Amino acid sequence: MTREEIRTLVLRTFARIAPEADLATLDPKADVREALDVDSMDLNQFVLAIHDALGVDIPERELPKFFTVDGAVRELEARLSKEK
């Protein structure tokens with residue numbers, strides 16, 4: 001899976017969690033908790049959706065790496081490359 005495909009998946013997943021958010025203007029370095037007004041339950045839904053889509057397990061202690069779009073993409077890219 002390419003970096004761009006991962007980014008698309010991350011954005012599409014956040015769009016389902018925060019449908020009112022304008023993801024086109026979202027700064028990829030912004031904390032999504034503030035930028036999209038998501039809470040811990042929303043982030044858990046994000047993690048579960050990513051797991052369902054990619055089969056990647058994300059331990060709770062690793063969740064801060066997913067607080068930004070760039071961080072989520074970077075972490076998923078690293079996890080997927082380890083699985084090869």
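1. Helix H1 covers residues 3-17, which makes 15 residues; helices here are DSSP runs of H or I with at least four residues, numbered from the N terminus. From first C-alpha to last, H1 reaches 21 Å, close to the 21 Å expected at 1.5 Å a residue, where the expected span is 1.5 Å times one less than the number of residues.

2. The model is predicted: local features need pLDDT of at least 70, side-chain atom pairs count only at pLDDT 80 or more, and totals for chains, interfaces and linings use all residues. Residues are numbered from 1 along each chain as its sequence is written, and side-chain values use heavy atoms, leaving out hydrogens and water.

3. Ile6, Arg7, Leu9, Val10, Thr13, Phe14 and Ile17 of H1 are buried (under 20% relative accessible area with a 1.4 Å probe, protein chains only; exposed is over 50%). Down the axis of H1 these residues fall within an arc of 160 degrees, so they line one face, the arc being taken from the directions from the helix axis to the C-beta atoms. The face turned away from the buried side carries the exposed Glu4 and Arg16.

4. The buried residues of H1 pack against H2 (32-35), H3 (40-54) and H4 (69-82). H1 and H3 pack at about 135 degrees, axes 10 Å apart. The contact (heavy atoms within 4.5 Å) includes Phe14 of H1 and Phe46 of H3.

5. Glutamate 62 lies in the loop between H3 and H4. Glutamate 62 is buried, at 16% relative accessible area, and touches Glu75 and Arg79, residues up to four places away in sequence not being counted.

Notes: Helix = DSSP H or I, 4+ residues; strand = E, 2+ residues; numbered from the N terminus. Axes fitted to C-alpha atoms, helices over the stretch in contact; angles between N-to-C directions.
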